[in-house]
Amino acid sequence: MTTTAIKYEPDLSKPLLHEIMERSGQNLPACYQCRRCAAGCPVGVEAGVTPDRLIRMILLGDREEAMNNLLVWKCLSCFTCGARCPNNIQTARITETLKQMAKEAHTEPLLPKVAAFHNAFMKATSHFGRFNEVEFMGIYELENTASAVKRGNLKIITDEIKASSRLGLAMIRKRRLHFRLARVRNLAEVKALYKKSRQQTDR
Ligand code: SF4
Ligand code: SF4
């Protein structure tokens, strides 16, 4: 059996590590690969990548693989990995950062529906500082449809509309869909946070 030796490219690793540490606020070099995070991650096995492996990819400078693996797109943000980590590394913050970086790099997401969900969530919460279900669902459907059109997959759109209509009607019947648009008291503060975050990203 042949194995491929892992390459370490310091010129690629340092900028990637610096960017992810700065944006996620996580101290990745503190990881000593104990894999306590891996043992508790509910999606690691299915994704084929556990939090420790994701961190290793970044430390080795593998930008493409770090942005294009299923853990980034399947992470539930459950924070189990961070709760178990002896070094308090929150991989959910890292997967969020990598999603955003993939978007900025115009990389085709491995799971387009998750990318549409992520974009819709960020947009919806920026308007009123709160997650409003009806607003979010509208933005999500638009994002999802635009993504499907871009990929030329029109069947996905019709299937999605049918499934969403069924779900929406079922939720209305059970009074689980709220139409009122709630907003935080200090919306200006939330908008300032979004603005600051965008400025940091553009730097
Ligand atoms: S639990 Fe923390 S230190 Fe251990 S492998 Fe996971 S991220 Fe690294
Ligand atoms: S936050 Fe994400 S990476 Fe961490 S345990 Fe949960 S699903 Fe796994």
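Helices α2 (36-40) and α4 (51-59) each contribute at least two residues to the shell around ligand 1. Helices here are DSSP runs of H or I with at least four residues, strands are runs of E with at least two, and both are numbered from the N terminus. This is a predicted model, in which local features need pLDDT of at least 70, side-chain atom pairs count only at pLDDT 80 or more, and totals for chains, interfaces and linings use all residues. Residues are numbered from 1 along each chain as its sequence is written, chains are lettered from A and ligands numbered from 1 in the order in which they are written, and side-chain values use heavy atoms, with hydrogens and water left out.

## The two ligand shells

Let's stay with ligand 1 for a moment. A residue is near a molecule if one of its heavy atoms lies within 4 Å of it. Around ligand 1 we find C31, Y32, Q33, C34, R35, R36, C37, D52, I55, C85, P86 and N87. By class, this shell holds 7 nonpolar, 2 polar and 3 charged residues. The classes count Ala, Val, Leu, Ile, Met, Phe, Trp, Tyr, Cys and Pro as nonpolar, Asp, Glu, Lys and Arg as charged, and the others, Gly among them, as polar.

Ligand 2 is surrounded by C41, P42, V43, P51, C75, L76, S77, C78, F79, T80, C81 and A92. Its shell divides into 10 nonpolar and 2 polar residues, with no charged ones.

## Salt bridges

Side chains of opposite charge can pair when their charged atoms come close. A salt bridge here is a side-chain nitrogen of Lys or Arg within 4 Å of a carboxyl oxygen of Asp or Glu. With this rule, the count is 9 salt bridges.

| Salt bridge | N to O distance |
|---|---|
| E19 and R63 | 3.4 Å |
| D52 and R35 | 2.8 Å |
| E160 and K113 | 3.0 Å |

The E19 and R63 side chains form a salt bridge at 3.4 Å. This pair links distant parts of the chain, with E19 in helix α1 (residues 10-24) and R63 in helix α5 (residues 63-67), 44 residues apart. E19 is partly exposed at 25% relative accessible area, and R63 is partly exposed at 32%. For these labels, buried means under 20% relative accessible area, exposed means over 50%, and partly exposed lies in between, using a 1.4 Å probe and protein chains only. E19 and R63 also belong to a network of salt bridges that links E19, R23, R63 and E104.

D52 and R35, both in the shell of ligand 1, form a salt bridge with their closest N and O atoms 2.8 Å apart. Because D52 lies in helix α4 and R35 in the loop between α1 and α2, the pair ties together parts that are 17 residues apart in sequence. D52 is buried, with 2% relative accessible area, while R35 is partly exposed at 44%.

The link runs between distant parts of the chain: E160 is in helix α11 (residues 154-173) and K113 in helix α9 (residues 112-128), 47 residues apart. E160 is buried at 11% relative accessible area, and K113 is partly exposed at 43%.

## Aromatic pairs

A pair of aromatic rings is described by the distance of the centres and the angle of the planes. Rings of Phe, Tyr and Trp (its six-membered ring) pair if their centres lie within 6.5 Å; planes under 30 degrees apart count as stacked, over 60 as edge-to-face and the rest as tilted. The whole structure contains 5 aromatic pairs. The ring centres of F117 and F136 are 4.9 Å apart with planes at 70°, so this pair is edge-to-face. It links distant parts of the chain, F117 in helix α9 and F136 in helix α10 (residues 133-150), 19 residues apart. F117 is partly exposed at 43% relative accessible area, whereas F136 is buried at 6%.

F136 and Y140 have ring centres 6.1 Å apart and planes at 15°, so they are stacked. Both residues are buried. One aromatic cluster takes in F117, F121, F131, F136 and Y140.

## Nonpolar cores

In soluble globular proteins, nonpolar side chains tend to be buried together. A nonpolar core is a set of buried Ala, Val, Leu, Ile, Met, Phe, Trp, Tyr and Cys residues joined through side-chain atoms within 4.5 Å. In the largest core, of 26 residues, I20, L28, L54, I58, I94 and L98 touch the most other members. Helix α4 gives the most to this core, with 5 residues. Apart from this core lies another, of 6 residues, among them A116, A120, F136 and Y140.
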